[in-house]
Amino acid sequence: MSDRNAELGSLPPLLRVESVSKAFGGIQALHEVSFEVAPGTIHAVIGPNGAGKTTLFNIITGAYPPDEGGVVYAQQEVRGRKVHELVSLGIARTFQNVELFGNMSVLENVLVGQHVRTRCGFLGAIVRGPWVRREERQMREYSMELLEFVGLDGVADHRSSDLPFGWQRFLEIARALATRPHLLLLDEPASGLNAVETHRLGELLEEIRKRGVTLVLVEHDMSLTMGISDRILVLHQGKKLAEGTPREIQANEAVISAYLGKE
Amino acid sequence: MRNILFAVAILLAGLGISSPYHFQLLTFIGIHTLLALGLNMLMGYAGQISLGHAAFYGIGAYTTAILTAHFNWSPWLALPAALFLAVLIAFLVALPMLKLSGYYLGMGTLGFGMITYVLIREWSGFTGGDSGLVGIPPLEIGPVSLSSGRACFYVVWGTVVLGFIVCERLVNSRVGRALRAIHDSEQAACAMGINTAQLKISVFMLSAFLAALAGFLYAHLVSFISPNTFDFLTSIRIVTMVVIGGMASIWGSLLGATLITLLPEWLHIFSDYEMVVYGLVLMVIMIFLPQGLTRGLLDIYERSKRRAGVPSTTAKG
Ligand SMILES: Nc1ncnc2c1ncn2[C@@H]1O[C@H](COP(=O)(O)OP(=O)(O)OP(=O)(O)O)[C@@H](O)[C@H]1O
Ligand SMILES: [Mg+2]
């Protein structure tokens, strides 16, 4: 993995978080956090509960503005951009607590994922001309490809809320991929998965990276994180505690004491 | 396919019926169906509520009434004017409110409905105030006047069929899926790149369009309108139709409109307690069949049928 780091080190970072701070009332959720993500890598963010990991994701995706600091994505300052604009620029995410469209089918969930990559509006839908039908057909084909990719093509017509929890996580990944992201943020994708599913997830993330998507994941499962990440950022009480390769993080005194002190 | 059957049924019903009373009743059911359909798109698919929908119904009716009765416009010219005005006002009403999430639209439309009602009553130079506005001409196609009960019936139900086709196509399109997505999880819908504020405004405009269309038809079919038709009670009636028929159910709009039009006809004791009855109906449905009659009953049926098809707990792969 270190050879890929060296090779990619020369490219400009796809994402640069610059000294971001965010407070909620009296709670300093993030304090001057900076880090960079090189394109084509898997970057993990770890830290104990309440460390600010999800808040960091919410800021990168534009759900909250940072109090201070900035986010540079693909060489553009994106601070203050709306969530939907950032999705069309190529930033996609999944949620810690799985946020599917529960009343919609598995297939429809993935179709919604293609929203920003398709055009049909009110008039198009009412007239339903040839280009609209073509677009719809292409959307369905691509959605089925993605469902096959995550292993859910067999349940495309099921209501998404009827799926077992683990499958819902995979569906959420397929739906995020449908936005055709360059940068995919996954918030605890392995939580709630059994051992078999977690192993499958690891393989899937590797495959997604091979397709050219840069990944940032928040994850508590250490064997998964250490196994697939190129770099790891450790947050602790809103501050950056350490950053480095998995090997460096495992040997880091501050990280060890923070984690051991916690337990 | 269902729409073709529906159209055929309407055609046959129009031929089979002869009583003017029945024609009138069915025509009102059709107008109410349009109202419910529009609100259903907003409530059922975008998850927003309008407590002042009668205002758009009134704007449609009074715009065409004033233009045709006072200014001698042809109804066919007044139609786009009425629709445009309603949609424009809907845009202006929704713009500040839908940017904020939550129930602002409900509160805002409540106030908007009341203001519109007062304006209609007080602006008596144009609207005739409480005594109403008379002399609205019937619709005409060339030399044919559409004033008979049967003609009215066909005009209204023809519009309903069109409305159903349009809404069905919308619901099953990229836009409709985005709407349903907002309803299920606004947060996730945003994360899929859906501009939720813009989409909600668009649906609100669509629902105002359908309400104004209903108002246009109503004005020309009855030739006399007065403010009471467009009061708060009417707004509540439309909400009740949607809730009874089932939110997010196009055909439920038909069912809800039918029940709410027929019930007061059958139960005359109703009249004084209409609000109370609607309140009770809304509560009971919300508690026991939150999906409405159509979906609620279908769901119960499906749940009892299924049970075997649920997948096991490990992902394949
Ligand atoms: N919308 C919000 N309003 C108020 N406080 C918030 C909000 N979001 C996060 N916080 C607070 O900010 C801190 C960091 O929360 P965050 O969710 O980012 O942590 P996390 O690292 O994702 O934790 P976990 O592992 O439990 O998911 C917590 O103290 C949390 O209570
Ligand atoms: Mg979190």
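## Ligand shell

A residue is near a molecule if one of its heavy atoms lies within 4 Å of it. This model is predicted: local features need pLDDT of at least 70, side-chain atom pairs count only at pLDDT 80 or more, and totals for chains, interfaces and linings use all residues. Residues are numbered from 1 along each chain as its sequence is written, chains are lettered from A and ligands numbered from 1 in written order, and side-chain values use heavy atoms, without hydrogens and water.

Around ligand 1 stand 14 residues; A:Gly50, A:Lys53, A:Thr54, A:Thr55 and A:Gln96 come nearest. By class, the shell has five nonpolar, seven polar and two charged residues. Here Ala, Val, Leu, Ile, Met, Phe, Trp, Tyr, Cys and Pro count as nonpolar, Asp, Glu, Lys and Arg as charged, and the others, Gly among them, as polar.

## Oxygen atoms of the ligand

A:Gly50 places a backbone N or O atom 2.9 Å from a ligand 1 oxygen. For the side chain of A:Thr54, an N or O atom is 2.7 Å from an oxygen of ligand 1. A polar side-chain atom of A:Thr55 lies 2.5 Å from a ligand 1 oxygen.

## Nonpolar cores

A nonpolar core is a set of buried (under 20% relative accessible area, 1.4 Å probe, protein chains only) Ala, Val, Leu, Ile, Met, Phe, Trp, Tyr and Cys residues joined through side-chain atoms within 4.5 Å. The largest has 103 residues; B:Phe56, B:Trp157 and B:Ile225 have the most contacts inside it. A second, separate core has 39 residues, including A:Val110 and A:Leu177.

Notes
A polar contact is a pair of N or O atoms within 3.5 Å; within protein, one must be able to donate a hydrogen and the other to accept it, and residues adjacent in sequence count only if both atoms are side-chain atoms. Buried means under 20% relative accessible area, exposed over 50%, partly exposed in between (1.4 Å probe, protein chains only).
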